[in-house]
Amino acid sequence: MRPSRILLTVVLLITVLAAGIGPLHAQEQETVLQLAVPGYLEEAVKAAVEQFEADHPGVRVDLVTDGSSMMMISMGSGAGQGDIEDVLDEREDYASSADVLAVSSGDLSPEITRAHYFLDLMPLVNGDPDLNSADFYNAVWQAFQWEGGFWALPIAADPILLFYDKAAFDAAGLPYPDTWRTFEDVENAIRALTPLDADGKVAARGYMDMANATNLLLLSLLGQGVVDDSVTPGVPNFNSPELEHYLTLIKDMKADGLFDPPQTSGAVSTEIVPPPLQIGRSAFSFASPDAAEPLTPVLLPGGHAGLDTNGFAVSSGTQFPELAYELAKTLTAHSQLANSFAGATPARRSLAPQGENANEVWSGGAQSSDIAALLPVALDQAYPASETRFSEYLNQAIDYMLQNDVDASQALMAIEEKALARLQASAERGASTHITVQPPQPAVELAPGEIALRFGISSMMMPLPNQEQWDAFAADFAARDPEVGLVQLDADVPGALDDMVNEYDCFLASSSVAQTGDLGLLRSLDPLMAADPTYDPADMVNGVMQQLQRDDQTWGMPITIQPMALRFNSTLFEQAGAVDPVNGWSTEDFEYALEALKTMSGDSEPFVPRTFGNTHLLMLIAAYGGLPLDFRTNPVTINFTDPNTVAAIQRVLDLAKNGYIAYSKLASSGATMAISIGGENNTPLYTVALSDISGAGGGVTVMAISSSSAAGGDEDEGPVAQPQVDPLATFPQGSAYTAMSYDVGAAYISANTQATDACYRFISELSQHADLMTSMPARRSVINDPDVAAVQGQDTVAFYQTMDALLSQPNTVIFPNGFNFDPSAMGTTLLSFWLNRAFDRYVTEGVDLQTELAAAEQFTRDYQQCAAAIPPYDPTSDDFGSYYQQFTTCAVQVDPSTADTFQIG
């Protein structure tokens with residue numbers, strides 16, 4: 001064979017081999033898509049992701065659950081809300097965090113999509129023969145379509161409807177809402193349904209807008225949108241005499257208080273009577289479907305509905321647009337995921353619950369048959385997004401009229417100018433900014449002998465507001481610790497103790513874990529603290545460690561204290577000539593301030609409780625020398641009839657009777673919360689519970705500190721101070737007792753973990769980090785850390801120092817916070833019922849206080865004896881409802897008159 005032929009053969013052979021080898025290498029390279037979803041969907045989305053990965057070999061989907069604050073159980077920020085540059089920055093960050101992103105109808109609008117952060121899916125949708133648009137409800141299919149673009153594939157939606165009480169309408173002789181044709185029909189109904197007091201002021205709500213949907217009601221009555229599509233892209237067009245007329249009517253109704261709660265300075269119980277007319281999401285109508293007479297749902301006038309829609313968008317910065325689109329499509333077709341969105345119905349007809357499950361809702365309850373029958377019609381006939389564009393600005397126009405005392409024409413001109421400016425800002429971003437989805441972080445490779453530490457953070461906000469700071473703290477700890485190579489932080493809704501210890505090595509939770517939980521699930525910290533040269537018991541605020549001790553052992557490391565406190569309007573105090581209570585005050589100072597403030601507040605009470613239950617009253621009673629419930633003993637000592645206690649109770653309740661303290665009835669089958677009415681700036685003195693983010697029952701507080709960049713500051717300037725708020729003060733102190741009430745945010749170690757020592761090192765360092773929390777630190781050294789003053793202000797630090805000093809006094813008594821969902825504490829929760837009833841009857845009915853307190857004491861003692869025989873709550877075998885009923889049964893046994901209250905018999 002000639003050399004040239006040999007050479008040619010070799011070249012051909014190499015070429016063939018290379019051609020064969022190439023695909024083999026390509027198959028080994030994995031394509032990674034990132035999917036951003038809120039934390040509450042993390043479990044629900046996993047099955048859909050597994051299905052997609054099985055259908056697409058060589059593709060892996062990584063979940064991103066800590067890069068977005070978009071929570072799809074709300075309407076989002078909506079058009080026109082927030083500084084436009086900040087909104088665009090937030091959306092840009094979000095669209096850069098993943099290839100496929102969960103969105104809600106409040107997250108997308110023309111002022112967002114014109115920035116080109118999200119991919120227009122229209123070409124992919126039009127070219128997809130497998131996507132059956134007829135399977136989607138008509139309006140839901142169009143939910144994310146406008147200006148020729150298709151901005152997200154819908155997965156679930158919740159229509160916005162009217163709800164009304166037929167009996168109330170019949171009694172008032174009103175036509176039902178489905179016959180309304182003009183806004184005068186709406187006004188007549190609301191005015192007829194709203195009761196007024198003797199002074200002509202609103203006494204109770206007749207109407208409630210639960211979805212901020214006045215704009216949708218306006219569109220339904222106008223019969224047209226407020227967008228001008230004669231130009232491309234469309235712009236708002238608010239030039240309509242009929243619209244101006246309707247806005248004027250609404251302004252007058254708002255000025256008359258018809259859209260707001262009754263205008264009193266007091267507080268309202270959580271036991272609110274549902275108003276007879278509402279507009280809101282179908283899943284969250286105010287009246288329960290189990291009510292004897294549930295409200296009747298109807299479409300908005302004209303036969304439409306509003307629409308709150310969830311979907312999946314694709315980032316314009318993705319490197320894999322076709323693959324990302326396929327993932328979004330797969331997600332919308334997954335039944336379990338589509339039925340997991342809070343309150344919403346699947347966007348696809350084929351995924352709607354069928355048969356026995358047809359009336360089920362996401363929470364596990366059941367819809368009324370009226371709503372179940374109306375939903376498909378509403379989802380087909382709702383306003384598509386293209387018809388509601390720019391209508392959100394109408395709500396702002398109404399507020400602008402009230403705040404600036406201008407007519408509708410002037411307000412609409414101002415709001416239209418604002419809308420155009422925001423659209424222009426978005427268009428400029430779209431012309432100059434090109435985003436790229438950040439590649440996934442490579443997995444941390446643990447060195448031999450290193451471990452990954454799983455740390456849970458109970459929080460109602462996910463991700464944490466200061467997630468970056470938490471991540472930095474965890475990464476720094478892992479870099480320095482000889483054993484821990486990675487700290488896996490997980491913020492989640494507060495769960496049961498057994499769930500927490502099974503899922504995490506250690507976790508941040510509430511103090512009730514130590515006082516009432518199963519101690520067999522936790523690791524005692526005493527031997528760890530004894531071996532820790534950095535632990536100084538004297539550094540802990542007095543009494544905090546005792547809150548975490550039981551059976552002569554310590555079960556948690558205190559991180560923060562969330563005290564009940566007072567806030568006061570210093571301007572109003574100065575105008576009234578009252579002394580600021582910044583360094584503590586006596587009962588005489590307290591009463592003098594109330595008297596001085598009363599001369600300014602007139603009919604309004606100067607002191608307004610804004611916290612749960614009766615704790616604020618018990619603390620004031622203690623300051624006056626009475627202790628009806630002494631929680632320092634176990635069981636709780638009951639003494640309602642001691643002369644000093646009776647006198648103290650009467651002194652405090654007389655302040656309520658005489659208009660100095662706002663009062664709401666307290667006695668009920670559950671806890672009662674005081675809700676403020678009116679702005680804080682108009683209230684001289686009010687109670688607060690210092691917890692920024694907490695779980696049910698006053699659980700752990702994970703404090704909301706925005707990063708400096710998010711707050712608009714320079715990233716290199718350190719912590720950014722919080723906005724100015726009314727200063728803090730302690731409750732008045734008495735000669736016999738100083739009353740305090742607080743929760744403890746504490747870290748615990750699971751008895752199941754193999755990383756006990758590593759957990760202890762982590763939580764010990766956590767307790768010393770002032771930059772992660774904004775409540776009161778549990779360590780004195782952290783209270784005095786300059787970072788605390790920088791973030792929270794020197795006045796707040798001074799309040800913490802006062803709290804610390806008062807907690808060190810020998811006459812200080814601690815009251816539990818007034819609200820607790822812990823099943824193990826149910827007996828104590830009902831212990832105040834008869835005392836509360838005595839308070840109510842004295843203040844509202846004028847009964848003899850001593851007689852009422854004597855009866856209440858006997859009932860409470862008998863109940864305490866009965867409840868003591870109930871075995872401790874076992875989460876593995878006890879049904880919560882049945883367990884709680886044992887306590888209510890005890891209550892009815894000792895006092896049959898409570899049968900109706902506790903719904904027994």
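Mentor: Axes here are lines fitted to C-alpha atoms, for helices over the stretch in contact, with angles from 0 to 180 degrees between N-to-C directions. Helices (H or I, at least four residues) and strands (E, at least two) are DSSP runs numbered from the N terminus. This is a predicted model, where local features need pLDDT of at least 70, side-chain atom pairs need 80 or more, and totals for chains, interfaces and linings use all residues. Numbering starts from 1 along each chain as its sequence is written, and side-chain values use heavy atoms, without hydrogens or water.

Trainee: Okay, what average pLDDT does the protein get?

Mentor: pLDDT is the predictor's confidence in each residue, from 0 to 100. Still, 83% of the residues score at least 70, and the protein's average is 83.

Trainee: How do α8 and α10 run relative to each other, roughly parallel or roughly antiparallel?

Mentor: Helix α8 covers residues 183–193, and its axis sits 10 Å from that of α10. The two pack at about 10°. Under 35 degrees counts as roughly parallel, over 145 as roughly antiparallel, 65 to 115 as roughly perpendicular and the rest as oblique, so α8 and α10 are roughly parallel.

Trainee: And which residues of α10 make the contact with α8?

Mentor: Contact means heavy atoms within 4.5 Å. On the α8 side you'll find Phe183, Glu184, Glu187, Ile190 and Arg191. Facing them from α10 are His245, Tyr246, Leu249, Ile250, Asp252 and Met253.

Trainee: What about α9 against α10: which residues of α9 make that contact?

Mentor: Helix α9 (residues 214–222) and helix α10 (residues 241–255) have axes that come within 11 Å and cross at roughly 135°. That makes α9 oblique to α10. From α10, Glu242, Leu243, Tyr246, Leu247 and Ile250 take part, and from α9 it's Thr214, Leu218, Leu221 and Leu222.

Trainee: Is Thr309 buried or exposed?

Mentor: Thr309 lies in strand β13, residues 306–314. Not counting residues up to four places away in sequence, Thr309 touches several residues, among them Val103, Val140, Phe144 and Pro154. Buried means under 20% relative accessible area, exposed over 50%, partly exposed in between (1.4 Å probe, protein chains only). Thr309 comes in at 1%, so it counts as buried.

Trainee: What relative accessible area does Thr31 have?

Mentor: Thr31 lies in strand β1, residues 31–36. Leaving aside neighbours within four places in sequence, Thr31 is in contact with Gly58, Val59, Arg60, Phe320 and Leu323. Thr31 is partly exposed, and its relative accessible area is 22%.
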